[in-house]
Amino acid sequence: MLSALVVSLKVVGVATLAIAVLGTLLALLLARARFPGRTVLELLLTLPLVLPPTVVGFFLLYVLGRGSPVRDWLGLDLLFTWQGAAVAASAVGLPLMLQSARAAIAAVDPVLEDAARTLGRSEPEVLLRVTLPLAHRGILAGLFLGSARALGEFGATLMVAGNIPGRTRTLPMVVYDAALNGDLALAAQTSLLLSGIAFLALFLTRRLEQPRHR
Amino acid sequence: MRVLPALLVALALVACGGGERAAPDASPRSETTLLVSAAANLADVLPPLLDAFQERTGIRVHVNYGNTAQLAAQIERGAPADLFLAADRRHVESLANKGLVLPETVRVYARGKLVLWARADSGLALTSLAELASSRVGRIAIANPDQAPYGAAARQALQRLGLWDALQPKIVIAENIQQAFQYARSGNADVAFTALSLVVGESGKRLEVPPELYDPIDQALAVVKGTRREAEARRLADFLVGPEAAAVWQRYGYDLPALASR
């Protein structure tokens with residue numbers, strides 16, 4: 001279980017960074033920009049939230065595998081690596097981040113941004129000094145939820161990264177294998193650990209969403 | 001509130017750094033470490049075999065356990081496995097037809113045995129499959145007969161005995177043989193059709209289903225085409241079908257096709 005914990009932490013660490021950066025940029029794009037296909041893009045990015053993880057994994061096998069640009073042009077061979085698992089975890093965590101961050105950014109009053117502009121601030125300054133700080137609760141709440149979901153990822157990860165002990169076996173896979181093999185004690189311990197982390201993430205999300213109830 | 005921008009910049013920096021670090025990490029294997037994609041039913045028997053192989057050759061082996069169809073799909077998309085140990089022949093032969101594994105390396109390495117298993121306290125005699133029709137048997141767990149080889153074998157055996165249709169109301173379908181076995185072990189089913197290899201170390205009652213009632217459950221292997229470790233993968237394949245491995249396969253409840261046909 002210890003080696004699986006290490007793999008899980010690496011996967012969630014990278015996935016959290018990816019969700020934070022990509023999620024914030026995409027949320028800004030979806031909340032502020034008007035362009036053709038915006039709704040389609042938003043729906044496509046939200047799909048992993050409702051699709052069975054095996055379907056996400058199946059798509060990712062094609063996106064990352066033989067014949068894909070990622071592998072053949074960029075030379076990134078991510079199948080059967082923990083980095084591949086991080087891609088799968090990011091894909092399923094991102095929609096949760098987007099939902100929350102997009103709503104938070106859309107709720108920032110444009111009058112405040114315009115005020116900053118009339119005071120001579122550049123667009124990047126408006127973004128970093130006004131928009132993101134005002135939306136930070138929603139963004140962080142989305143990030144916690146997305147990371148928690150990334151930690152619990154199982155189906156897509158199994159397809160893309162496999163279940164290789166010490167290399168790509170994550171905590172959810174330990175639970176699955178232990179339950180199948182009748183090692184109920186290990187399954188219970190690992191499940192409790194995962195539940196504890198998930199509870200903490202939800203608790204933090206809740207506090208961010210309801211600041212007055214501290 | 002200046003924390004968030006700073007945090008995001010920091011995250012972005014670490015993310016870039018992480019990306020650069022990822023490249024050398026992507027293939028942490030040395031040339032003498034093999035990666036085997038193996039059917040999940042081998043989880044017990046493979047570790048002792050691989051330990052013996054490493055002792056003899058110095059070649060380390062990592063294993064990716066999974067469901068045979070999923071492992072085959074991964075190999076089709078170019079997953080870097082060196083050797084494929086399937087739970088059946090069909091998926092290996094299909095990969096060979098597509099030119100994804102080396103056709104001359106396709107071999108049957110083990111033959112599974114179907115058993116009927118019940119808890120020691122079940123009160124069943126388990127001397128004949130006909131007992132399944134008795135009222136003492138409530139639920140019968142089998143692996144999905146459309147996907148799992150042992151599930152298909154169980155259905156075939158019951159069909160040949162003319163019991164399949166009559167037993168339908170009692171049959172519960174599990175995703176695979178491990179799950180079917182867990183249904184019976186936990187008492188949620190009265191009996192389970194499963195693999196002998198799964199129950200060799202277990203207490204409880206078991207009845208080996210007569211082999212003439214079902215087609216052989218042959219498990220085939222093949223070396224994946226294009227691996228940089230083809231020589232080592234071939235060595236492992238030879239080892240797994242060789243005399244030293246034979247005793248281990250038998251101890252774990254498998255028949256060997258070479259012995260069975262003699």
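Two residues count as in contact here if their C-beta atoms, placed from the backbone, lie within 7 Å. With that in hand, welcome to a predicted model in which 28 residues from chain B meet 30 residues from chain A.

**Where the chains meet**
- On the side of chain B that touches chain A, the elements giving two or more residues are α1 (3-25), β2 (60-66), α3 (68-76) and α7 (177-185) of chain B.
- Of these, α1(B) gives the most, with nine residues.
- By class, this side of chain B has 16 nonpolar, 10 polar and two charged residues.

**Nonpolar cores**
- The largest nonpolar core holds 100 residues. Those with the most contacts inside it come from chain A (A:Leu60, A:Ala88 and A:Val160) and from chain B (B:Leu83, B:Phe84, B:Leu85 and B:Leu221).
- Helix α5 (residues 82-106) of chain A gives the most to this core, namely 15 residues.
- A second, separate core has 34 residues, including B:Leu116, B:Ile140, B:Ala157 and B:Ala180.

**Chain B as a whole**
- Chain B contains 11 helices and 10 strands.
- Of its 262 residues, 41% are buried.
- Among contacts in chain B between residues at least 6 apart in sequence, 76% join residues at least 24 apart.

**A helix pair in chain A**
- Helix α1 (residues 2-32) and helix α7 (residues 123-151) of chain A have axes that come within 9 Å and cross at roughly 145°.
- The crossing of α1(A) and α7(A) is right-handed.
- From α1(A), the residues that meet α7(A) are A:Ser8, A:Val12, A:Ala15, A:Thr16, A:Ile19, A:Ala20, A:Gly23 and A:Thr24. Their partners in α7(A) are A:Ile139, A:Gly142, A:Leu143, A:Gly146, A:Ser147, A:Ala150 and A:Leu151.
- The contact of α1(A) with α7(A) has eight nonpolar and seven polar residues, and no charged ones.

**Helix α9 of chain A**
- In α9(A) (residues 171-180), the buried residues are A:Leu171, A:Pro172, A:Met173, A:Val174, A:Val175 and A:Asp177.
- These buried residues pack against α1, α8 (155-161) and α10 (184-209) of chain A.
- Just after α9(A) comes A:Gly182, with a positive phi of about 80°.

Notes: Residues numbered from 1 in each chain as written. Chains lettered and ligands numbered in written order. Predicted model: local features only at pLDDT ≥ 70, side-chain atom pairs only at ≥ 80, totals over all residues. Core = buried A, V, L, I, M, F, W, Y, C linked by C-beta atoms within 7 Å. Buried ≥ 20, exposed ≤ 12 C-beta atoms within 10 Å, placed from the backbone. Helix = DSSP H or I, 4+ residues; strand = E, 2+ residues; numbered from the N terminus. Axes fitted to C-alpha atoms, helices over the stretch in contact; angles between N-to-C directions. Left-handed = near helix turned anticlockwise from the far one by under 90°. Nonpolar A, V, L, I, M, F, W, Y, C, P; charged D, E, K, R; others polar.
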